[in-house]
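Biologist: I would like to learn how to read a sheet and a core in a protein model. Could we go through them slowly?

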Amino acid sequence: MPDGSGQLAHPTGAALSAYDVVAVPVLLHRGGAVLHANPSMLRLLGCPLEEARTLDVMSLVIAEDRDALHEHLQACLSPDAQEPPAQPYTLESRQGVRRRVEWTSRACAIEGRHTLVVTCQDLSDMQFVQDSLQQLSQMLHQIIEGGPIPTFVIGVDHRVTHWNRACERLTGVSAMEMRGAEGAWRGFWTAPRALLADLIVDEAPEDLLRSTYADGDARQIEGGDGAWEVEQFFPQLGPEGRWVHFTAVPLRDTAGRIIGAIETLLDVTERRQAEEALRQHRNELELRVQERSAELRGTLHQLEAFMANAPVGVARTRGARIEHHNRKMAEILGWADDRPPQDTAELFRTREEFEWLRQRSTPVLLTGQAWRQEMWLRHRDGRLMWVQLIAYPADVDHIESGAWWLVEDHTEVRRAQDELRTHNEQLKATLSKLEEAQNQLLQSEKMASIGQLAAGVAHEINNPIGFVSSNLHTLKGYVGQLLELVGAYENAQTRPGAEAQAAVAQARDAAEIDYLREDLPALMSESEDGLARVKKIVQDLKDFSRLDQSEWQDADLNAGLESTLNVVRHEVKYKAEVRKLLEPLPLVRCLAAQLNQVFMNLIVNASHAIQGHGVITLASGHQDGWVWIEVGDTGCGMSAEVQRRIFEPFFTTKPVGSGTGLGLSLSFSIVQKHGGLIQVHSVPGQGSTFRVWVPVAGPGPDGTAGTPPERPWVDRQAQASLGAP
C-alpha cells in the first residue's frame, strides 16, 4: 500500500534480514511491485535490488505464463484464500535467460501488512539431470535391445528386465514372454537350472560356480570385477543344438552392492564345428601320414625287390658313371663280375654315339620328362645288342643328381622286325600281283558281261533285221513284177495294137496289181518299224554304255534304269513280268555308265533267281538328299549265310562255269565309289530286293560312303499289282 508520500511502503531492514540469509530464492510482494528479493532471487532475475523493486511481479515471467500467474495471485490475495499448490512458471531475467522454477506463494503479515512470500525452486538443473538420466537410460536400452549380441539382464529378484531381439533370435523365446518374469532358464533349458547370471546375483561361491558349469569350463575373467565366462552346448537351441559362449557381469549400485547381472551370449557353433572338423582332419591327417609312412616303407621294400628281381635292366647314373644297377642289367650286358665299366661310353659302338645320346636325352630330362630310344649297345664279349633305353630324372628339382635308366634287350625283336619287314615287302609284291589278277578278273567279268550283252543285243536286233530282210526279198519280187508291167506298157506305147494290149493285160494279171496296192504299204510300214526297233536298241546300248560320257556328270538314274532294262530285255522277257514304280528323281552327280552296269547286274541276277516265270519290280525315289533304286524279284531268295557273303569276290551260288562271282562285288565297289550303299532284303522262297543308295551331290571329299536315311522294306510286288505309285 502507498504511504503518505504516495510511494509503496517497504518493509524495514530488520524484517527482511531473515530472508537474505535463506539459500532458496525469496520474493516479497503485495500483488504489484516487488517489495524485496533476496540475493538468490536477484541472481535469477539478473539485476540488483534497486532495479528489482521497479519491476512488477507479472513481468518476471514470460508472456505465456502471465495469465496463470494472475489467477494464482488473485487466489492468494483473496480474504478466504487457502494455501495454493506450487505452480511451475518460467522466469525471464533482464538478460533474457529463461529458467523453469517451481513457484510457491504463502501469505503472511509483515509490519502489519498482508504480504505474499514467494519461494522459487529452480527446476532447470533438476530437469537437465532428469533428461540426461532419461537419455542415458534410453541409450542403454537401445544398446542392449538393438545390439547384435544376444543379451539379457536380471535383477536381484531374478526377474528378467531386458531380453533383446538378438536373444529372441537365438533362443526362439520372445521378450514379451520373458520381461518381468522369473526363470530366465526357460530360454535355454527344458527344466529349471541356475544360469550364470543367477549364480552371480546370488553371490554364489567360486567352487559352486565351477562345479555348476564344470562341463563348460567356467572361469573368472581377470579384471572383470566378478565377471565369469562359460562355453557350453545347448541341445534345445535350434534343430541340431548350438554351442554358446556366454559372459555374466554383476551390476552394482554406488555402494558396491549387487543389484543385478547382465549376461551376453555368442553363438560359436560354426567355430566349434570348424574346430571339430579341424580336429578330425588333423586326426585323419595323422592317420594318413602313418599309413603313408607304412606305404612308403612298403614301397621302399618293393622297389628294392623290384631292383633285385626286375625283368629289365635298371641302373642309376651320374654323369658318365654307373652308381647302382640290378642283376638283370649285369646279365644283359655280360658283367660276369657284376662290375660295370668305369666309363659308360664303353657300352656304345663309338664315343660319338654316346655323346649323341647325352645331347638328345639331357634337354628332355631337364624338363622332368622321360626319354626313350632304341639303339645298339655292346655286350662285354663284343657282340652288338639292340636295346630299348628309357631314362627318367632321378630328381626333377636337382637334375645333377643323375638319372634312372631302364634297359631291355630287343635284339630278337629287332631280328623279328627285320624278318617282318622282309615278309611285308614280299606281301606287297604278292598283293600287287593279286590286284593285277583281280583287275584281270574284273576285266574278264566286264568282257563276260559285254559278251552276254552282245549276244542279247544280237538276238534283239536279229528279229527285226530278219523280217526286214524277208520284206526286202519280197519287195524285190514285187519290184521285178512291176518292172515287167512297166516294160509291157512301154512296148504297148511304141507298138500299139491288140497284141500289145493283151501283153499288158497279161503282165498286169501276173503282177497282181490290186494285191500289191494293199501289201506294199504294209510291207514298207513293217520294215520301217523293224528298222526303228534296231535304232532304239542301238540308242539304248549307247545310253547304257555312255561311251561319250566317261566323266562325272549329272544324270537321271531313271533314264539309265530304263535304257539298261531295254538292253537286257532278252534276259528278262521270257522269265518275268517287269513292273515299274518309278518316281521323278533329281539329277545325281555320278558316273552313269558304271551305275548302269550295277543296274544290269541286279536285273540279270533277279532274272536268274526266278525259276519258271515271275515278277521283277523296279522302283525309285529320293529322301533327304539321297536317291534310291530298288530291284526286286519273286525268285528263290537267299539264306542269312548267303546274304553275308554275296558281296565277296568269287562267291557265287550258280553252278561251276555259270558265273564268276564278281558281279555283285564289282557292283558294291562301284556304289561305294559313288559314296553310296547297297542294301539287301531277302526271304528264302519269297524273293530278294536290292536297294542302291546314292547321294545326290556325289561322294564326299574323302570318297567314303555316307549313311543314308532309314527306310522300311515294303512288299513291292503287292504294291505294283495294286498300281500304287
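Modeller: Helices (H or I, at least four residues) and strands (E, at least two) are DSSP runs, numbered from the N terminus, and two strands pair if DSSP finds at least two bridges between them. This is a predicted model, in which local features need pLDDT of at least 70 and side-chain atom pairs count only at pLDDT 80 or more, while totals for chains, interfaces and linings use all residues. Residues are numbered from 1 along each chain as its sequence is written, and side-chain values use heavy atoms, with hydrogens and water left out.

Biologist: What is the order of the strands in the open sheet?

Modeller: In general, strands of a sheet pair through backbone hydrogen bonds, either parallel or antiparallel. Here five strands form an open sheet in the order E13-E12-E16-E15-E14, with antiparallel pairing. Strands E13 (321–325) and E14 (371–378) are the edge strands, each pairing on one side only.

Biologist: How many bridges join E14 and E15?

Modeller: E14 and E15 (residues 384–393) are joined in the antiparallel sense by eight bridges; in E15, Gln388 is the bridge partner of Glu374.

Biologist: Which residues have the most contacts inside the largest nonpolar core?

Modeller: In soluble globular proteins, nonpolar side chains tend to be buried together. A nonpolar core is a set of buried (under 20% relative accessible area, 1.4 Å probe, protein chains only) Ala, Val, Leu, Ile, Met, Phe, Trp, Tyr and Cys residues joined through side-chain atoms within 4.5 Å. The largest one has 37 residues, and Leu557 and Ile616 have the most contacts inside it. Helix H18 (592–609) is among the elements that give two or more residues to this core, and H18 provides its largest share, nine residues.

Methods:
Buried < 20%, exposed > 50% of the residue type's maximum accessible area, 1.4 Å probe, protein only.
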